[in-house]
Amino acid sequence: MPQLNLILLGPPGAGKGTQAERLVDDFDLPYYATGDILRAAVKEESELGRKANEYMDRGDLVPDEVIIEVVVDRIDQTEAEDGFLLDGFPRNVEQAEALDGELKRLGRELTAALLIEAADDEVIRRLSGRRVCVKNSHLYHVDFDPPKREGVCDQDGSKLIQRDDDHPDTVKHRLEVYREQTSPLADLYDARGMLRRFDGARPTTEVHDHIRATLAVLRRESEL
Ligand code: AMP
């Protein structure tokens, strides 16, 4: 089976995490969401968490050397041998270069960069109503995708909370950071013929069908 080495790109709130939940089921890929990894580290008060906390609270990127090590460790593991889905990494050109270098070292290459696009006002609307479960980061929205019981995760029964950095001022800052540091990556991957664009304003199921069909084609092409 050919590898699927994938990254998800897009502004916060575009639906990357929601799509990832579905793609992981479809393609049985290990999923590494750097935001989730960092939030877990903050909760555990590990050294990584202590290094990342202040940056995350402000909506800034944590330093490259901190996050690159986290990702390199993951894609080096046996479970990621046949592929992976990275969400939230790379977030700037330096991280993209580090990922290239690591994949090269492993004799692998990226299959595709999946860009889920969404306008700022849509992002703000989504993030202000977003809720996440404390146990496994399952995602909900108070209006568009509410849980069956208010404040409780349907999948694992844990409590739903609003992320600190989903408050409006921090969201605006995160969008600026995305525009300045992360969005240039779309051009970079486009120039390499690796970028696939998806309209995050479409219904979740439609976006999912579109991504799944795109990946099925990519997998078939790489088998030829
Ligand atoms: P996310 O859940 O992807 O929105 O990430 C939440 C926060 O974690 C970001 O606002 C950053 O502070 C931090 N973070 C996640 N991934 C990265 C990364 N690749 N580089 C730097 N900081 C990151």
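Colleague: Which residue's side chain makes a polar contact with the side chain of His138?

Modeller: This is a predicted model, in which local features need pLDDT of at least 70 and side-chain atom pairs count only at pLDDT 80 or more, whereas totals for chains, interfaces and linings use all residues. Residues are numbered from 1 along each chain as its sequence is written, and side-chain values use heavy atoms, with hydrogens and water left out. A polar contact is a pair of N or O atoms within 3.5 Å, where within protein one must be able to donate a hydrogen and the other to accept it, and residues adjacent in sequence count only if both atoms are side-chain atoms. At 3.4 Å, the side chain of His138 makes such a contact with that of Asp156.

Colleague: Does His138 count as buried or exposed?

Modeller: His138 has its place in the loop between β5 and β6, where strands (E, at least two residues) and helices (H or I, at least four) are DSSP runs numbered from the N terminus. Buried means under 20% relative accessible area, exposed over 50% and partly exposed in between, with a 1.4 Å probe and protein chains only. His138 has 14% relative accessibility, so this residue counts as buried.

Colleague: Which residue in the hairpin of β5 and β6 takes a positive phi?

Modeller: Strand β5 (residues 130-133) and strand β6 (residues 139-141) pair in the antiparallel sense over three bridges, and two strands pair if DSSP finds at least two bridges between them. Five residues lie between the strands of this hairpin, and the one with a positive phi near 60 degrees is Ser137.

Colleague: Which residue in β6 is the bridge partner of Arg131?

Modeller: Strands of a sheet pair through backbone hydrogen bonds, either parallel or antiparallel. The bridge partner of Val132 in β6 is Leu139, while Arg131 has as its partner Tyr140.

Colleague: How far from the sulfur of Cys153 is the closest cysteine sulfur, in Cys133?

Modeller: A disulfide is a pair of cysteine sulfur atoms within 2.5 Å, and a search of the whole structure finds zero of them. Cys133, which stands opposite Leu160 in β7, is buried at 2% relative accessibility, and Cys153 is buried as well, at 3%. The two sulfurs are too far apart for a bond, because the distance between them is 3.9 Å.

Colleague: How much of the accessible area that the ligand has on its own does the protein cover?

Modeller: A polar side-chain atom of Arg39 lies 3.0 Å from an oxygen atom of the ligand, and for Arg91 the corresponding distance is 3.1 Å. Accessible areas come from the Shrake-Rupley method with a 1.4 Å probe, and for residues only the protein chains shown count as cover. Of the 480 Å² that the ligand has on its own, the protein covers 94%.

Colleague: Which helix gives the largest share of the shell around the ligand?

Modeller: A residue is near a molecule or strand if one of its heavy atoms lies within 4 Å of it, and among the 16 residues around the ligand, Thr34, Asp60, Val62, Gly88 and Gln95 come nearest. The largest share of this shell is four residues, and they come from helix α2.
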